[in-house]
Amino acid sequence: MTRERFIMLLEKEQEGLLKFLLVLCDGNYPEAEDLAQETSLKAYLSYRGYVEKFKFSTWLYRIAYNSFIDRKRKRRLPTESLDAATDIGGTESLGRMEFERLYAAIEELPLNEKTAILLFYMEGMKIIDIAIVMRKPIGTVKSYLNRGRNHLKERMTDE
């Protein structure tokens with residue numbers, strides 16, 4: 001892969017990557033931005049090792065997910081206001097209140113369910129790609145998605 005192609009692919013994924021990290025970071029925009037930059041730097045430093053038979057987005061999100069997990073192990077990420085999440089876009093179809101309810105429900109999900117839900121619905125990844133990002137068997141990812149959907153449905157209908 002050439003450096004120019006890498007940069008083009010990376011730029012194409014930046015908005016989705018930031019959205020994914022923002023929700024993983026429970027709305028902490030500065031933390032999500034920092035993780036996105038860290039992910040981009042790590043990807044740039046190792047782009048020659050990228051095997052083009054795999055999707056670029058899957059490889060990049062794997063780096064992002066690992067970076068998030070590494071930070072989480074070091075310290076608990078603080079939660080900020082939901083205002084930062086609405087600045088990213090893609091929420092125009094939901095009213096602010098609905099978005100906040102959905103965001104709060106996603107925030108309460110266990111990390112594995114939250115990750116699977118975000119990658120599947122927000123990023124449109126296939127289950128096989130999510131399995132690669134999360135380093136879990138396909139059946140496990142399907143279980144995370146099913147449980148996550150059920151938990152979201154419960155939380156959204158309870159209110």
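Which residues does glutamate 13 touch, not counting residues up to four places away in sequence? In this predicted model, glutamate 13 touches Phe56, Ser57, Leu60 and Tyr61, where a contact means heavy atoms within 4.5 Å. Glutamate 13 is placed in helix α1 (residues 3–24). The residue is buried but has no salt bridge; buried means under 20% relative accessible area, exposed over 50%, and partly exposed in between (1.4 Å probe, protein chains only). A salt bridge is a side-chain nitrogen of Lys or Arg within 4 Å of a carboxyl oxygen of Asp or Glu. For glutamate 13, the nearest side chain of opposite charge is lysine 12, 4.8 Å away, with Lys and Arg counted as positive, Asp and Glu as negative, and His and the chain ends not counted.

Residues are numbered from 1 along each chain as its sequence is written, and side-chain values use heavy atoms, with hydrogens and water left out. Local features need pLDDT of at least 70 and side-chain atom pairs count only at pLDDT 80 or more, whereas totals for chains, interfaces and linings use all residues.

The mean pLDDT (the predictor's confidence in each residue, from 0 to 100) is 81 for the protein, and 83% of its residues reach 70 or more. Where pLDDT is low, the predicted coordinates should not be read in detail.

The protein has eight helices and zero strands, assigned as DSSP runs numbered from the N terminus (helices H or I, at least four residues; strands E, at least two). Of the contacts with a separation of 6 or more, 70% are between residues 24 or more positions apart. Buried residues make up 44% of the 159 residues. Alanine 32, in helix α2 (residues 29–45), counts as buried because its relative accessibility is 0%. Beyond four places in sequence, alanine 32 touches Leu18, Leu21, Leu22 and Cys25.

Seven aromatic pairs are present. Rings of Phe, Tyr and Trp (its six-membered ring) pair if their centres lie within 6.5 Å; planes under 30 degrees apart count as stacked, over 60 as edge-to-face and the rest as tilted. Tyrosine 44 and tyrosine 47 form a tilted pair, at 5.7 Å centre to centre and 35° between the planes. Tyrosine 44 is partly exposed at 33% relative accessible area, whereas tyrosine 47 is buried at 5%. Phenylalanine 56 and tryptophan 59 also form a tilted pair, with 5.6 Å between centres and 45° between planes. Both lie in helix α3 (residues 56–74), three residues apart, about one turn of the helix. Ring pairs link Phe6, Tyr44, Tyr47, Phe56 and Trp59 into a cluster.

Nine salt bridges are found in the whole structure. Within helix α1, glutamate 15 and lysine 19 are four residues apart and form a salt bridge at 3.6 Å, N to O. Glutamate 108 and arginine 155 form another, their closest N and O atoms being 2.7 Å apart. This pair links helix α5 (residues 96–108) to helix α8 (residues 138–158), 47 residues apart. Arginine 147 and glutamate 113 meet at 3.5 Å, N to O, which links helix α8 with helix α6 (residues 111–122). Arginine 147 is partly exposed at 38% relative accessibility, whereas glutamate 113 is buried at 5%. Salt bridges that share partners join Glu31, Asp34, Glu38, Lys42 and Arg71 into one network.
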